[in-house]
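Here's a quick briefing for anyone opening this structure for the first time. Have a look at it, then read on.

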Amino acid sequence: MGFKALGLHPAVLKGVEAMGFTDPSPIQLRAIPEVLAGKDFIGSAQTGTGKTAAFGLPILSKLEEGKSQPGQPRCLVLEPTRELAAQVETAFRDYGRFCNLKTLVIYGGVGFDKQKRGLKGVTDTVIATPGRLLDHLQDGAVDFSGLEFLVLDEVDRMLDMGFLPDVRRIVEKTRKERQTLLLTATLPPEIERLASWVLHNPVIVEIGARRCPADSVDHAFYPVAADQKFDLLLALLDRTNYDSVLIFVRTKESADRIASRLRHANHSVAVLHSNRTQREREEALNGFKSGRYEVMVATDIASRGLDISGVSHVINFDIPQHPEDYVHRIGRTGRASATGTAFTLVVAEEAGNMQAIERFIGRSIERKKLDGFNYFYTALFDEHTTKALGGGGVRGGRHMSGYSFGTRRNRR
Ligand code: ADP
Ligand code: MG
């Protein structure tokens, strides 16, 4: 079934066509009619399944029918990070390009006064991170007493980042008779509790096995001695014919350190973590998206929700501390039905994290060794380790037929 039958406003439908979307994703199929019908809605579906359009398209359709007053936006979308806020703003502009609607994005780290002027003007949709929005609310720049739509997006991420109290304070300042939508990749009890307070008789739709990485991602553990982690990373990069690689590390400091070592090894590298300025973060993300940087080193701030399309490979230089993050991190690849590959380096002390991940996703993950790499001994090799990286072993990227030596270097 296409988008036509879902009852969207013709201008929104035109925007969807211009985006090149032909078929609604499962969450979109379920959400759009309910939201158009005025229902509160909880949508839980894996990252990359099109949740933005699931709430964006029906809301834009309804906004297009009415009119906003100065200083009184009709729709508020809360996002956990500035990057996500910017991304959803872009999506709203794209979907709504044939509508007569205004979208304003509000986040910290940039000038306050310009945002304040924007909020006082006519805006239909405000897309904001909680902290900065609370500042503006305290400042009296904006009034949500006329709010028609409230969207809490990426709520599992908001929970992780400790934003739920801020979210509650914002919700308290919005009109009671609003329509509320909540989108999340997972639905733990804390989120269910928030939902029962914020939403009114919601339709709840949970799509797919929420704990499983997408089938389009080929992923394995690479046991290695701690001293050899960086060498193995370099070897994997050299042997892999990638388009773009997202490398996850545990701390901001190690992100900077690994990035600088990779630059020394002649890789073009961007860095994304929360200690960088807004401008630096934008430059990194845009540069990575445009292909100026082939590699981006990031902390978990980049692991959720961010739609970085065309990431062919994810490398967990440090194994994630929380099993959910494994699914989120490797979810950066294999999106929108393209295939992807994820490598996770593991050292002996992390055997427990490895098992926790396998328990969480409910299946075992293959242990692999990179052929021809001069491994030191690690206790992890005493576990069963498959030696599976022969020709074609490093599989998975869209444009890959086995791996090749030197291709990437020649490209540069
Ligand atoms: P989520 O919020 O569920 O993680 P997003 O809303 O960020 O996912 O969407 C992921 C990607 O899928 C985006 O690049 C988006 O443009 C694309 N997308 C969304 N809906 C469709 C569709 N119906 N057809 C094709 N691509 C889509
Ligand atoms: Mg999303």
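Which residue in β13 does Phe 221 stand opposite? The residue facing Phe 221 is Thr 344. Keep in mind that this is a predicted model.

- Six strands make up an open sheet, running in the order β8-β13-β12-β9-β11-β10 and pairing in parallel.
- At the edges you'll find β8 (217-223) and β10 (269-272), and each has a single partner strand, so one side of each is left without a neighbour in the sheet.
- On average, neighbouring strands here are turned by 20° against each other, ignoring direction.
- Seven bridges link β8 with strand β13 (residues 340-346), and the two pair in the parallel sense.

**Helices on the sheet**
- Helix α10 (residues 229-239) packs on the sheet and touches β8, β9 (245-248), β12 (313-316) and β13. The direction of α10 makes about 165° with that of β13.
- Helix α11 (residues 252-264) packs on the sheet too, touching β9, β10 and β11 (295-298). Its direction makes about 175° with that of β10.

**Helix α1**
- In helix α1 (residues 10-19), the buried residues are Ala 11, Val 12, Leu 13, Gly 15 and Val 16.
- Those buried residues pack against two other helices, α3 (51-63) and α4 (82-95).

Conventions
Residues are numbered from 1 along each chain as its sequence is written. Chains are lettered from A and ligands numbered from 1 in the order in which they are written. This is a predicted model: local features need pLDDT of at least 70, side-chain atom pairs count only at pLDDT 80 or more; totals for chains, interfaces and linings use all residues. Side-chain values use heavy atoms; hydrogens and water are left out. Buried means under 20% relative accessible area, exposed over 50%, partly exposed in between (1.4 Å probe, protein chains only). Helices (H or I, at least four residues) and strands (E, at least two) are DSSP runs, numbered from the N terminus. Contact means heavy atoms within 4.5 Å. Two strands pair if DSSP finds at least two bridges between them. Axes are lines fitted to C-alpha atoms, for helices over the stretch in contact, and angles run from 0 to 180 degrees between N-to-C directions.
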